[in-house]
Amino acid sequence: MSLRSTGLALVFCAAALFYTTPAWSHHSNVGFEVTKVITVTGVVKGFRWANPHTWVYLTVDDGKGGKVEWACEGRAPGVLLRAGWTPKSIMVGDKITIDMSPAKDGSLTSLIARVTKADGTILPNAPPQE
């Protein structure tokens, strides 16, 4: 192979790298028991409105006189906006009930199915079907 051919091959490879699209990872629900839903009531410790997933951090009575903290994964902000949520739908200090699918590994993480506020307002997981 000549020096010119090698140079052209290198230029072609470099150009191909600049024109590739990034590979986006797919976020799977495989870590959660999606066929099981439990209900937990507690006080919001934090609410993270960010892509790719929102998060609700909840302090819950453990039934033994102590407290435990749940980290509850929600859908993307764009999906929740269409479902009626806003970044201020849940505030620190709010008492809420979350219907959730727990983590398979037994950790205190979950996948949110829906949130019910103390006044009875339901914040669904997805927009209504049209």
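With a relative accessibility of 12%, D99 counts as buried (buried means under 20% relative accessible area, exposed over 50%, and partly exposed in between, using a 1.4 Å probe and protein chains only). The model is predicted: local features need pLDDT of at least 70 and side-chain atom pairs count only at pLDDT 80 or more, while totals for chains, interfaces and linings use all residues. Residues are numbered from 1 along each chain as its sequence is written, and side-chain values use heavy atoms, with hydrogens and water left out.

## Surroundings of D99

D99 belongs to strand 4, residues 95–102; helices (H or I, at least four residues) and strands (E, at least two) are DSSP runs numbered from the N terminus. The D99 side chain makes a polar contact of 2.7 Å with the side chain of T39. A polar contact is a pair of N or O atoms within 3.5 Å; within protein, one must be able to donate a hydrogen and the other to accept it, and residues adjacent in sequence count only if both atoms are side-chain atoms. When neighbours within four places in sequence are set aside, D99 is in contact (heavy atoms within 4.5 Å) with V37, I38, T39, L111, I112, A113 and R114.

## Chain and confidence

The order of elements from the N terminus is α-β-β-β-α-β-β-β. Of the 130 residues in the protein chain, 28% count as buried. Among contacts between residues at least 6 apart in sequence, 56% join residues at least 24 apart.

Mean pLDDT, the predictor's confidence in each residue from 0 to 100, is 85 for the protein chain, and 78% of the residues score at least 70. Among the elements, strand 1 has the highest mean pLDDT (98), and helix 1 (residues 3–18) the lowest (52). Over residues 13–26 pLDDT stays under 50, and the model has 0 contacts beyond four places in sequence for them. Where pLDDT is low, the predicted coordinates should not be read in detail.

Strand 1 and strand 4 pair in the antiparallel sense over 6 bridges; strands pair if DSSP finds at least two bridges between them. V43 has K95, in strand 4, as its bridge partner. Strand 1 also pairs with strand 2 in the antiparallel sense, over 5 bridges, and F47 stands opposite V56 in strand 2.

A hairpin joins strand 1 to strand 2 through 6 residues. P52 has its place in the loop between strand 1 (38–48) and strand 2 (55–61), and a cis peptide bond with omega of about 5° joins N51 and P52. H53 lies in the loop between these two strands as well. The H53 side chain makes a polar contact of 3.3 Å with the side chain of E73.

## Aromatic pairs and the nonpolar core

The whole structure contains 3 aromatic pairs. One of them, F47 with W49, is edge-to-face, at 6.0 Å centre to centre and 65° between the planes. Another, W55 with Y57, is stacked, at 6.3 Å centre to centre and 15° between the planes. Rings of Phe, Tyr and Trp (its six-membered ring) pair if their centres lie within 6.5 Å; planes under 30 degrees apart count as stacked, over 60 as edge-to-face and the rest as tilted. Ring pairs link F47, W49 and W85 into a cluster.

The largest nonpolar core has 18 residues, of which V56, L58, W85, I90, I96, I98 and V115 touch the most other members. Strand 1, strand 2, strand 3 (67–73), strand 4 and strand 5 (109–117) each supply at least two residues of this core. Such a core is a set of buried Ala, Val, Leu, Ile, Met, Phe, Trp, Tyr and Cys residues joined through side-chain atoms within 4.5 Å. Not counting residues up to four places away in sequence, W85 touches F47, W49, L80, I90, V115, L123 and P124.

## Helix 2 and selected accessibilities

L81 is found in helix 2, residues 77–82. Leaving aside neighbours within four places in sequence, L81 is in contact with W49 and T86. L81 and A126 are 45 residues apart in sequence and 9.0 Å apart in space, C-alpha to C-alpha.

| Residue | Relative accessible area | Class |
|---|---|---|
| H53 | 17% | buried |
| F47 | 18% | buried |
| W49 | 24% | partly exposed |
| Y57 | 31% | partly exposed |
| L81 | 48% | partly exposed |
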